[in-house]
Amino acid sequence: MDRLLADCRARLGFDLLANTWNPVVLYALAAGPRRPRELRSEIGGISAKVLTETLRRLEGYGLVERCAYAEAPPRVEYALTALGRTLLEPIEALGRWSARYGDAFVAAQGWEDQGLSS
(Lines give C-alpha, C1' and ligand atoms only; values in the text may rest on other atoms or scores of the structure.)
Protein backbone atom coordinates (compact mmCIF):
# COMPACT_ATOMS: atom_id res chain seq x y z
CA MET A 1 0.00 0.00 0.00
CA ASP A 2 1.23 3.48 -0.80
CA ARG A 3 2.06 5.86 1.98
CA LEU A 4 -0.78 8.14 3.06
CA LEU A 5 0.60 11.45 1.94
CA ALA A 6 -1.12 14.72 2.75
CA ASP A 7 -2.54 14.92 -0.78
CA CYS A 8 -3.36 11.20 -1.09
CA ARG A 9 -6.89 10.43 -2.38
CA ALA A 10 -7.50 8.01 0.51
CA ARG A 11 -7.14 10.93 2.92
CA LEU A 12 -10.30 12.44 1.41
CA GLY A 13 -12.38 9.59 2.77
CA PHE A 14 -10.60 9.49 6.10
CA ASP A 15 -11.05 13.22 6.59
CA LEU A 16 -14.71 13.03 5.60
CA LEU A 17 -15.47 10.28 8.11
CA ALA A 18 -13.32 11.88 10.82
CA ASN A 19 -15.94 14.58 11.40
CA THR A 20 -18.24 13.20 14.10
CA TRP A 21 -21.51 14.19 12.45
CA ASN A 22 -20.79 13.62 8.74
CA PRO A 23 -21.28 9.83 8.70
CA VAL A 24 -24.15 10.02 11.20
CA VAL A 25 -26.12 12.47 9.04
CA LEU A 26 -25.33 10.55 5.85
CA TYR A 27 -26.54 7.33 7.46
CA ALA A 28 -29.69 9.04 8.76
CA LEU A 29 -30.50 10.06 5.19
CA ALA A 30 -30.11 6.49 3.87
CA ALA A 31 -33.84 5.78 4.19
CA GLY A 32 -34.78 8.79 2.08
CA PRO A 33 -35.28 12.55 2.21
CA ARG A 34 -35.71 14.11 5.63
CA ARG A 35 -36.59 17.50 7.03
CA PRO A 36 -34.08 18.97 9.49
CA ARG A 37 -36.49 18.46 12.41
CA GLU A 38 -36.85 14.78 11.50
CA LEU A 39 -33.09 14.40 11.30
CA ARG A 40 -32.58 15.96 14.74
CA SER A 41 -35.21 13.67 16.22
CA GLU A 42 -33.76 10.57 14.57
CA ILE A 43 -30.13 11.36 15.36
CA GLY A 44 -30.45 12.74 18.89
CA GLY A 45 -27.69 14.70 20.59
CA ILE A 46 -27.11 17.09 17.69
CA SER A 47 -27.98 20.76 18.00
CA ALA A 48 -29.88 22.59 15.27
CA LYS A 49 -26.79 24.73 14.60
CA VAL A 50 -24.45 21.75 14.21
CA LEU A 51 -26.97 19.90 12.04
CA THR A 52 -27.30 22.94 9.76
CA GLU A 53 -23.51 23.28 9.52
CA THR A 54 -23.15 19.57 8.76
CA LEU A 55 -25.87 19.58 6.10
CA ARG A 56 -24.32 22.63 4.42
CA ARG A 57 -20.87 21.03 4.50
CA LEU A 58 -22.20 17.77 3.02
CA GLU A 59 -24.12 19.74 0.39
CA GLY A 60 -20.91 21.57 -0.49
CA TYR A 61 -19.16 18.21 -0.88
CA GLY A 62 -21.86 17.10 -3.33
CA LEU A 63 -23.05 14.33 -1.00
CA VAL A 64 -26.39 15.83 0.03
CA GLU A 65 -28.92 17.88 -1.90
CA ARG A 66 -31.30 20.45 -0.47
CA CYS A 67 -34.80 20.72 -1.86
CA ALA A 68 -36.87 23.75 -0.88
CA TYR A 69 -40.59 23.63 -1.58
CA ALA A 70 -42.60 26.79 -2.31
CA GLU A 71 -45.27 26.12 0.28
CA ALA A 72 -46.72 27.98 3.20
CA PRO A 73 -45.07 27.41 5.58
CA PRO A 74 -41.84 26.79 3.63
CA ARG A 75 -40.56 23.22 3.67
CA VAL A 76 -36.98 22.03 3.15
CA GLU A 77 -35.80 18.45 2.78
CA TYR A 78 -32.35 16.96 2.44
CA ALA A 79 -31.51 13.80 0.52
CA LEU A 80 -28.41 11.88 -0.46
CA THR A 81 -27.02 12.42 -3.93
CA ALA A 82 -25.82 9.46 -5.99
CA LEU A 83 -22.30 10.24 -4.74
CA GLY A 84 -23.55 10.40 -1.14
CA ARG A 85 -25.16 6.96 -1.46
CA THR A 86 -21.77 5.49 -2.39
CA LEU A 87 -20.59 6.24 1.16
CA LEU A 88 -23.28 4.10 2.80
CA GLU A 89 -21.32 0.88 2.28
CA PRO A 90 -18.17 2.05 4.12
CA ILE A 91 -20.27 3.68 6.85
CA GLU A 92 -22.22 0.45 7.33
CA ALA A 93 -18.94 -1.52 7.39
CA LEU A 94 -17.64 0.74 10.15
CA GLY A 95 -20.92 0.23 12.02
CA ARG A 96 -20.51 -3.55 11.76
CA TRP A 97 -16.95 -3.24 13.05
CA SER A 98 -18.16 -1.11 15.96
CA ALA A 99 -20.88 -3.60 16.87
CA ARG A 100 -18.44 -6.49 16.72
CA TYR A 101 -15.43 -4.92 18.44
CA GLY A 102 -16.94 -2.02 20.38
CA ASP A 103 -16.76 -3.74 23.77
CA ALA A 104 -13.10 -4.63 23.25
CA PHE A 105 -12.34 -1.09 22.10
CA VAL A 106 -14.05 0.42 25.16
CA ALA A 107 -12.23 -1.99 27.47
CA ALA A 108 -8.85 -1.18 25.89
CA GLN A 109 -9.46 2.52 26.48
CA GLY A 110 -10.41 1.99 30.12
CA TRP A 111 -13.74 3.72 29.48
CA GLU A 112 -15.76 1.04 31.25
CA ASP A 113 -14.39 2.40 34.53
CA GLN A 114 -16.01 5.75 33.68
CA GLY A 115 -19.44 4.26 32.90
CA LEU A 116 -19.03 4.70 29.13
CA SER A 117 -19.33 1.07 28.08
CA SER A 118 -22.50 -0.20 26.46
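1. Helices and strands are here DSSP runs, a helix having at least four residues and a strand at least two, and they are numbered from the N terminus. Read in that way, the protein follows the pattern α-α-α-α-β-β-α-α along its sequence, which comes to six helices and two strands. The model is a predicted one, and the points below should be read with that in mind.

2. On the protein as a whole, 26% of its 118 residues count as buried. Among contacts between residues at least 6 apart in sequence, 43% join residues that are at least 24 apart.

3. Helix H2, which spans residues 21-28, deserves a careful look. Its buried residues are Asn22, Pro23, Val25, Leu26 and Ala28.

4. Turning to open space, the largest pocket holds about 190 Å³. Its lining is made up of Pro36, Arg37, Arg40, Ala48, Leu51, Thr52, Leu55, Arg56, Glu59, Arg66, Val76 and Tyr78. The elements that give two or more residues to this lining are helix H3 (36-43), helix H4 (48-60) and strand S2 (75-80), and of the contributors H4 gives the most, with six residues.

5. What is the make-up of the lining of the largest pocket by class? The lining has six nonpolar residues, one polar residue and five charged residues.

6. The count of salt bridges comes to four. One of them joins arginine 34 to glutamate 42, with the closest N and O atoms 3.1 Å apart. The two partners fall into separate accessibility classes: arginine 34 is buried because its relative accessible area is 17%, under the 20% cut-off, whereas glutamate 42, at 44% relative accessibility, counts as partly exposed, a class that lies between 20% and 50%.

7. Glu71, Arg75 and Glu77 are linked in a network of salt bridges. Arginine 75 forms a salt bridge with glutamate 71, where the closest N and O atoms are 3.1 Å apart, and another with glutamate 77, where the closest N and O atoms are 3.0 Å apart. As for accessibility, arginine 75 and glutamate 77 are both buried, while glutamate 71 counts as partly exposed because its relative accessibility is 39%.

Technical notes: Residues numbered from 1 in each chain as written. Predicted model: local features only at pLDDT ≥ 70, side-chain atom pairs only at ≥ 80, totals over all residues. Heavy atoms only, no water. 1 Å grid on protein atoms, 1.4 Å probe; cavity = no way out; pocket = protein on both sides within 12 Å on 5 of 7 lines; lining within 4 Å. Points joined across faces, edges and corners; volume = space filled by probe spheres on them. Nonpolar A, V, L, I, M, F, W, Y, C, P; charged D, E, K, R; others polar. Buried < 20%, exposed > 50% of the residue type's maximum accessible area, 1.4 Å probe, protein only. Contact = heavy atoms within 4.5 Å. Salt bridge = Lys/Arg side-chain N within 4 Å of Asp/Glu carboxyl O.
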